[in-house]
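Hi,

Here is the structure I promised to pass on. Have a look at it first, and then read my notes below.

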Amino acid sequence: MMLNPDIPESMQLEHYIDSWAVEILRKYRETVSDDAPKPQRAKAHAFGYVACALSDPMGFEAYIEVASSSVVTTSFENVDSYFEQGQSFQLWVSEVRDCIRAGGGPPSPWLLFENSVILWCMGHGLAHGITKGPLRFFPEDLKRDLLGPIIDMSFSSLYRRLGLSFDGFEDRPVLRPPG
Amino acid sequence: MVITMAKQAEDRLCRVREHLINSAIALAPTPNFSELTLDDIAHAYGITSAEARNCFANADELVNATRDYLSATLRQNIDFPTAPDFAGAVKELVMDYAKCARSNPQFFRAMYSLLPAAPNSTSDNPNPVVALVARVIDRFAPDAPDWLRMTRTFAIFACTHGYTHLCTVGSLRHLSTSAKDFLAIALGQHIVAGIHDSLDTGRSLSAVPYEFVELVGPAPPLCLPRIFPAALMPSASPHCSAAPWKLLPTKARRLSLWKRLRHDLASNYTMPG
């Protein structure tokens, strides 16, 4: 299949890389059952985002640089979106939307936008930091051990700031896993 | 007359030194930067080998000088937070770092390429931003155990770095300055709410799967797709020393990457509809 001459090349490229990211994100979401509590699904999604970068650091960098789709959420249910969002970003938004809905939070498009972008920033900082950024020389086991507590911290913040119910979270001591 | 000539020579040397450091900053994010020689870096910006050698003995000396320059500039632009509370201090840090990076994307790229962080959360960390975060945690939670301090330090750093990277080179760069500032404030609040009282209690909310290893296991059990074959990746080339990537500045490298992606796109992808 050749490139479609009727569609701008940059758009096709962006769509192609986005599909690659979505494939990885879906694989990670599938590791947690559909009826699992929302924080678990959201955490698996965040691991998946980091896995995109670990699987192909150069491709991940290109993915971030060519992305031009909107990150603005115009409605909570995403029924009247004026701007097209990338599929992988839509997955972030849908995880956050599910958490807000399941936790009894307000269905506000602004809160959905703000929290989706902030959680994306956290996932992105980890993903980029450990592959191409300042954390890339950390020992592999340290990188792996840091991911869980940092992602937990960020998702628990979403629950605290919006006053959501904490189903799916456990209050645990912060200890480095053995080994 | 002699004094004037000596002064001119000294000025000229300073200018060459400055150009060389700027060249290193521009080339730092390129793959295989660590393999570049002093001549490679000098020639990329039209400086002769002789002029370069008057300033630096080799590439390592130039890279160290560039690191010092980047660290000093960061320290000048990001002050230690003055807010009396933890929340205010974190917000100040996020805003200052983001503003500094957004004002010069090339500087930001060089900074994360050349100033790697050490795996500790102490104030002598070679990455000045991690060192600042560690100092903030030291000030407000001096007795926190090591692992707790480490997870909180790198959590603050990861959120700040992710936000700054997306605002500088990613999709968030299209947002207005006021929207970016608003998000920076919200990010500060988010970090503080996430850390909550964990620095005092040593406990935090967690969701299963607790760790990355539980989800991915040792050696990749999930077969993850790659964008393009590993053999085409510059860092995987068996002939790295002869790779043309070595001498290309960032823009040319991106064009080359674009061509590879285009080739892979044309051969593997079908546009829906």
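Before we start, one cut-off: a residue counts as buried when its relative accessible area is under 20%. Also keep in mind that this is a predicted model.

With that in hand, go to Phe108(B) and Tyr112(B), which are both buried. They sit four residues apart in helix α6 (residues 105-114) of chain B, so about one helical turn separates them.

Over in chain A, ring pairs join Trp20(A), Tyr49(A), Phe60(A), Tyr63(A) and Trp92(A) into a cluster. Back in chain B, a charged residue meets a ring: Arg135(B) lies over the face of Phe80(B), 4.2 Å from the ring centre.

The other arginine I'd point you to is Arg149(B), in helix α8 (residues 146-168) of chain B. Is Arg149(B) buried or exposed? Its relative accessible area is 9%, so Arg149(B) is buried. A polar atom of its side chain lies 3.1 Å from the backbone oxygen of Pro142(B), and the side chain also reaches the backbone oxygen of Ala144(B) at 3.4 Å. Setting aside neighbours within four places in sequence, the contacts of Arg149(B) include Ser121(B), Ile137(B) and Asp138(B).

Enjoy looking around!

Note on methods. Residues are numbered from 1 along each chain as its sequence is written. Chains are lettered from A and ligands numbered from 1 in the order in which they are written. This is a predicted model: local features need pLDDT of at least 70, side-chain atom pairs count only at pLDDT 80 or more; totals for chains, interfaces and linings use all residues. Side-chain values use heavy atoms; hydrogens and water are left out. Helices (H or I, at least four residues) and strands (E, at least two) are DSSP runs, numbered from the N terminus. Buried means under 20% relative accessible area, exposed over 50%, partly exposed in between (1.4 Å probe, protein chains only). A polar contact is a pair of N or O atoms within 3.5 Å; within protein, one must be able to donate a hydrogen and the other to accept it, and residues adjacent in sequence count only if both atoms are side-chain atoms. Contact means heavy atoms within 4.5 Å. Rings of Phe, Tyr and Trp (its six-membered ring) pair if their centres lie within 6.5 Å; planes under 30 degrees apart count as stacked, over 60 as edge-to-face and the rest as tilted. A charge sits over a ring if NZ of Lys or CZ of Arg is within 6 Å of the ring centre and within 35 degrees of the ring normal.
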